[in-house]
Amino acid sequence: MIIDCHGHYTTAPKALDDYRARQTARLLEPGSPALPPDVRISDDEIRDSLERNQLRLQRERGIDMTILSPKASAMAHHVGNATTSLHWAQACNDLIHRVTLLYPAQFTGVCQLPQSPGHDLKASVAELERCVTGLGFVGCNVNPDPSDGHWSGPPLTDRYWYPLYEKMVELDVPAMIHVSCSCNPNFHHTGAHYLNADTAAFMQLLLSDVFVDFPTLRLVIPHGGGAVPYHWGRYRGLAQQMGRPPLDQLMRNVFFDTCVYHQPGIDLLLKVVSADNILFASEAFGAVKGIDPETGHAFDDTRRYIDAAQGLSADDRDKIYFRNACRVYPRLAAWADRHAALPHPTTP
Ligand SMILES: [Zn+2]
């Protein structure tokens, strides 16, 4: 069984973007009320958007299920106000829910949160609860920089975030730390802002006692952990120098995915980080599209790198492909229980 823990609905039907355009246009009309979600998309449009894209890749690559969330770069939490973010998150999450109803074997939902710079997280806590208890989602994406490139808010370890962590612990769901677009021309979104955020989040966590306060909180740092595995010695040394616990302790709560798009990168990740802390992911139809001319295969076909990794035991491979995801996302147990009874055409 192979679970891809990191997919985005980047191919959502155009009506979703049309709503966003109308919603944000309203912001420019003084005195006009906010535009609640009014997205009209047929089941056939959803099927068509997935069959030709994510589902085709699932079948070609032998992936059983993808944990799907709204398009990350479109979260754009800096846009408008708290109501703008709430309506947009609801629209995007409701569409993910419809995907999971149409394809219950192939997709499970993770939600976007209605974060907004300078606002508290009450709406995010409520939306997380709605998505998990009402829509069957198994986790959330947390944007560590809702200013989208200017890092004007508090670090992930500040007590500002604690109400969200309390709700995550109560619901027993993890978060993927995932930034959105970048308004700062210094940081290209997928080429710099994403990897900067992954790296910055790890260092914030290293410096804090957030996991003393929340011993069961689980955070997934995507894109292979940013620069962290490559600079593992630096982080070990900094922890030692600053009187912080060894990294082993931090890694009880922190996990990296395999969205690393070449063999040497995956090999390094597997060599440096315990297989207990690595979750299979591709972010397919995400950051990097296209074929690697050196291999003749898609850059984001990350299964090839895991399969080709030398010295990886069958047990560790199974942890990375399946068991770690079930451990980090315990609500997947409900999916696994019903999986056998569901149609799953990805499995020959
Ligand atoms: Zn992503």
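Student: At what angle do helix H5 and helix H6 pack?
Tutor: This is a predicted model. In it, H5 (residues 122-135) and H6 (residues 162-171) pack at about 15°. Their axes are 9 Å apart.

Student: So are they roughly parallel or roughly antiparallel?
Tutor: Roughly parallel. Angles under 35 degrees count as roughly parallel, and this pair has an angle of about 15°.

Student: Left-handed or right-handed crossing for H5 and H6?
Tutor: The crossing is right-handed.

Student: Which residues make the contact?
Tutor: H5 contributes Ser124, Val125, Leu128, Glu129 and Val132. H6 contributes Pro163, Leu164, Lys167 and Leu171.

Student: How many of those are nonpolar, polar or charged?
Tutor: The contact of H5 with H6 has 6 nonpolar residues, 1 polar and 2 charged.

Student: Staying on H5. Where is Cys131, and is Cys131 buried or exposed?
Tutor: Cys131 sits in helix H5. Cys131 counts as buried because 27 C-beta neighbours lie inside 10 Å. The cut-off for buried is 20 or more.

Student: What does Cys131 touch, leaving out residues up to four places away in sequence?
Tutor: Cys131 touches Asn93, Gly109, Cys111 and Phe137.

Student: And how far is Cys131 from Gly243?
Tutor: In space, 39 Å from C-alpha to C-alpha. In sequence, Cys131 and Gly243 are 112 residues apart.

Student: Another helix pair. How do H2 and H4 pack?
Tutor: H2 (residues 43-51) and H4 (residues 82-102) pack at about 80°. The axes of H2 and H4 are 11 Å apart.

Student: What do you call that arrangement of H2 and H4?
Tutor: H2 is roughly perpendicular to H4. The range for that label is 65 to 115 degrees.

Student: Which residues make that contact?
Tutor: From H2, Asp43, Ile46, Arg47 and Leu50. From H4, Arg98, Val99 and Leu102.

Student: And how do the residues of the H2 contact with H4 divide by class?
Tutor: There are 4 nonpolar and 3 charged residues, with no polar ones.

Student: Where is His223 found?
Tutor: In the loop between strand S6 (219-221) and helix H9 (232-241).

Student: Is His223 buried or exposed?
Tutor: His223 is buried, with 25 other C-beta atoms within 10 Å.

Student: What about phi of Glu283?
Tutor: Phi of Glu283 is near 55°. Again the value is positive in a residue other than glycine. Glu283 lies in the loop between strand S8 (278-279) and strand S9 (291-292).

Student: Why does Glu283 count as buried?
Tutor: Because 26 other C-beta atoms lie within 10 Å of Glu283.

Student: Zoom out. How many helices and strands are in the protein?
Tutor: The protein has 14 helices and 10 strands.

Student: How does the radius of gyration fit a compact globule?
Tutor: It agrees. A compact globule of 348 residues would come out near 20 Å, and the protein has 19 Å. The C-alpha trace spans about 60 × 50 × 40 Å along its principal axes.

Student: What share of the residues is buried?
Tutor: Buried residues make up 43% of the 348.

Student: Last one. What share of contacts links residues 24 or more positions apart?
Tutor: That share is 79%, counting contacts with a separation of 6 or more.

Technical notes
Residues numbered from 1 in each chain as written. Predicted model: local features only at pLDDT ≥ 70, side-chain atom pairs only at ≥ 80, totals over all residues. Axes fitted to C-alpha atoms, helices over the stretch in contact; angles between N-to-C directions. Helix = DSSP H or I, 4+ residues; strand = E, 2+ residues; numbered from the N terminus. Parallel < 35°, antiparallel > 145°, perpendicular 65-115°, else oblique. Left-handed = near helix turned anticlockwise from the far one by under 90°. Contact = placed C-beta atoms within 7 Å. Nonpolar A, V, L, I, M, F, W, Y, C, P; charged D, E, K, R; others polar. Rg over C-alpha atoms; globule rule 2.2 N^0.38 Å. Buried ≥ 20, exposed ≤ 12 C-beta atoms within 10 Å, placed from the backbone.
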